[in-house]
Amino acid sequence: MGAELNRRSFLVVAGLLGLAACGSDTGREGSAAGTLRHWYHAYGEDGVQDAVRRYAAAYPGAKVEVQWNPGDYDSKIVTALQNSAVPDVFEAQLKVDWVRQKQVVPLDDLLGDTRDDFVRTLLDSQTVDGKLYGIPQAIDTQILYYRPSLLEKAGVTPPKTLDELVEAVKRLDTGSVRGLFAGNDGGVAVLTGPLLWSAGLDFLSRDGKAPGFDDARAAMVFGKLRELNQGGLLLGSPTDWSDPGAFVNGLAAMQWTGLWNLPKITAALGGDVGVLPFPRLDMAGDESVPVGAYSAMVNARSADVAAAKAYVKWLWVEKTDYQTEFATAFGAHLPARQSLAAKTAQNGPGREVVEFVTRSGRIAAPARWSSRANLALSDAVSRIAREGADAAGELGTALDVARDEIARLDR
Amino acid sequence: MRRSARTFWLFVGPFVAGLLVFTYVPIGWSTYLSFFDAHNTVAPTDFVGLANYVDVLTDGEFLGSVSTFTVFAAFIIPTTTALALALALLVNRIRFARTFFRSVFFLPFACSYVVASLVWKMSLFSGVDSGVVNTVFGWFGGEPQAWIGTVDPPLYWVVLVTVRLWLQLGFYMILFIAALQRIPGNLYEAAWIDGASPRQAFRHITLPGLRGTLIAVLTLNLINAYQAFDEFYNILGDSRGYPPFARPPLVYLYYTSLGSGGQDLGRGSAGAVVLALVIALVTLLTGRVFRRSQ
Amino acid sequence: MRALRWFALSVGAVVFLLPFAVLVRDGVGGWSEVFSDREIPLVRSLLNSTVVAVGQTVGQVVLCALAGYGLARVPYRHASVVLYAIVATLMVPTAVTFLPSFVVVSSLGWLSDLRGLIVPGLFSALNVFLFRQYFQDFPTPLEEAGRLDGLTVWGVYWRVVVPNSRGFVAAIAVIDFIGSWNQFLWPLIIAQDSSTWTVQVALSSLLTAQNPRITLLFAAATVSILPIVLIFVVLQRYLVRGVTETGLTGQ
């Protein structure tokens, strides 16, 4: 009943605003007034694109056009938000800059009594100054997959510390089968976070007012990535870390990739699959898995913010069946809501991963960690790991940029 | 007189109006932005003086990118010029199938940088054993290489340089052929009668005759080298962004101001101003060197 | 010596043609689905590229030829100042102005809009300069004959000058068309929405994707170069002339 009332009142509102929007120039061609443009990054799993187009088509309140964006999605969003009314709705991980420049709108009023149902840390990661700007769609995480049979053959036990990992990678490397695949960039993009956490560090300090890696241990832990890059790592694979291809095709004995690939991997390798969190450097650090949540946001320049919000509410708050399907049917993600997660109990490696997330999940892209700071850090890590540059000097530069950016955000 | 003025503006007015709106206004606006904190906005209010310029000029990234591309220019310009001239001389000398060869060497001009990047990245220099270059390497007993992924030594330069040469040589070759054909044939006949060797003829007739074209080719090449973007972005960039090496000034500006590197239009504008000055300076300097050598 | 020359030419030709052969070879498997696949909106982006390239070519030629003729033939007190103001923009490399132009276009609300793709590229100072040079050498007797027939300057331009300049216009137009079809940076930042992607942006998005679908991509790329290859085959005479004209301004 409540949902029905909601829908009716929202249709009235949307209708009124739709009329209003007809009068104003939306500044774009090709789509009729009142059409909502919804952007996604290109998910690698089969079927996601069809599903989100199906959801959009099923929305009764407005015509929704879905755009699939392969390539550098983050840059695209940033450029689009500068001055464009397109997209109306998009998925992203929140950046404080967008809030400061009023490019996204608060969405607190969409949650209602479902707020407590969402995983708390996810909501926190999309919140700035007490306001929520993104509705988490699903939980993404990344883990270390390994082939128990290959480890056994090489006489290696599943690594529990970073040193064991480095050692294992070297011993597993046979030339035709490399020890580990963590992306064609040598793990720079995906392992930076886990490496920091493994040394008990982070992108930002606990209160978010300072960089979290101003510590000699940072140089040490990225030195380990250098060691990995000097031997045993698979580079130049035709598919990248986000695809299970290299692991499934036996190019590497271990691969760091998303939980979403679990179905494909178990289908290909059967029982010969083990999963691990990223190991700790030592007792002062933690093992970890990065937790990311693309969240649905509304462009403040949208021709019809209310209609866009209504659509987000419909899809990501009300349509729990779609949310469950989105999270679980195309590769394994975890639903962003506890009530849904409970219904999709996993077993085998999937269940272990749920434990990793609960026990050692870390936010992969904090809103206050700016893009520029992130670029500076990944540049530094890349130079250290791939070119053998002086770790302390490179990290010093990254620290300067990070401090600059933090100061700017608080100005 | 007034009538003539009206006619003049009838012809020139539409163009000048557009030039004002789309060239002069942008340059002015951008210079204005370069003195403001313009994060994610084109209408900033926060005046910061020269801070953006200080930022850019102390940013190792920017300086590194400008100096890398000065080295890049110093290498690619003579190489392109010499090879294009060699092709032009070869093609110009033959009688049979001249049009065929000219077309073949010119054909890459039809290809966009994006398409060429695709072929170079995914096929010719693909890191897998079946990549074309790796296959050819294999015939001679070479080890397959991850051409784009290998940073130490920087094999990716092989990929970037060859794609640029392939795309550009034909264009400059056409210019050289046109210039060669403008040199009067009787000069060579006279030289031949005087008993000059082909080498002497080249030095004293061909080269002086190509002088203007040489300067044109070098200047175009110079500006092109600093404006490199397309093939770098498409070969080295991916869904994560751009790696910290071989980053051309334009890629730096793109990521600083529009991409995932910070959305800072103020700093980006300051960088654009500095880059414009660098290009102007280098062009002037080479121009002066040429004038002196005359 | 002669054999050596032929050997060098033949090896060179093979090396220069190899990438095209590879392009076609690796795309064969994707032919059947290249127009129907949704991930790469090829039909739409080809259409956009056509609209942009045709619009830009026509617009550039019309605007720049007019301006070039005005500067060459219509006496005006401040003509030299105007010419100087136009030529001065040649000193500013176009790529340095991409950011400022983005600022203007985004303020006009022309992001993800074909107007934003076409209009800013219409005002080519280089073309004006070339047309002015060309019209300065245009035979005056022809124009005078037109004047004697009672035509105004405007009339002479359209009835006499333009019809007698087809070759030059075609040369400039061919170069403009290829440049517009192959341009990348500008559409990359302006065409955010996939409904406005040009074919280069569409290809690049897929090439820089996490896990590119290579065969499909090669098939699409092959389709994308067909129009230009066609120009090469049919209009090479104008093309060579255009290259020679544009390239020699460095003098």
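Predicted model: local features only at pLDDT ≥ 70, side-chain atom pairs only at ≥ 80, totals over all residues.
Residues are numbered from 1 along each chain as its sequence is written, while chains are lettered from A and ligands numbered from 1 in the order in which they are written.

Let's start where the two chains touch. On chain B, 75 residues are in contact with 75 residues of chain C (C-beta atoms, placed from the backbone, within 7 Å). Helix H1 (residues 2-33) of chain B gives the largest share of its side, 20 residues. Helices here are DSSP runs of H or I with at least four residues, strands are E runs of at least two, and both are numbered from the N terminus. Here is that side of chain B by class:

| Class | Residues of chain B touching chain C |
|---|---|
| Nonpolar (Ala, Val, Leu, Ile, Met, Phe, Trp, Tyr, Cys, Pro) | 54 residues |
| Polar (the others, Gly among them) | 18 residues |

Now for chain C: it has 12 helices and 0 strands. Its C-alpha trace spans about 65 × 60 × 35 Å along the principal axes. Of its 251 residues, 51% are buried (20 or more other C-beta atoms within 10 Å of a residue's own, C-beta atoms being placed from the backbone).

Back in chain B, helix H7 (residues 156-182) has a kink of about 35 degrees centred on B:Gln168 (the angle between axes fitted to the seven residues ending there and the seven starting there).

How values were computed: Contact = placed C-beta atoms within 7 Å. Buried ≥ 20, exposed ≤ 12 C-beta atoms within 10 Å, placed from the backbone.
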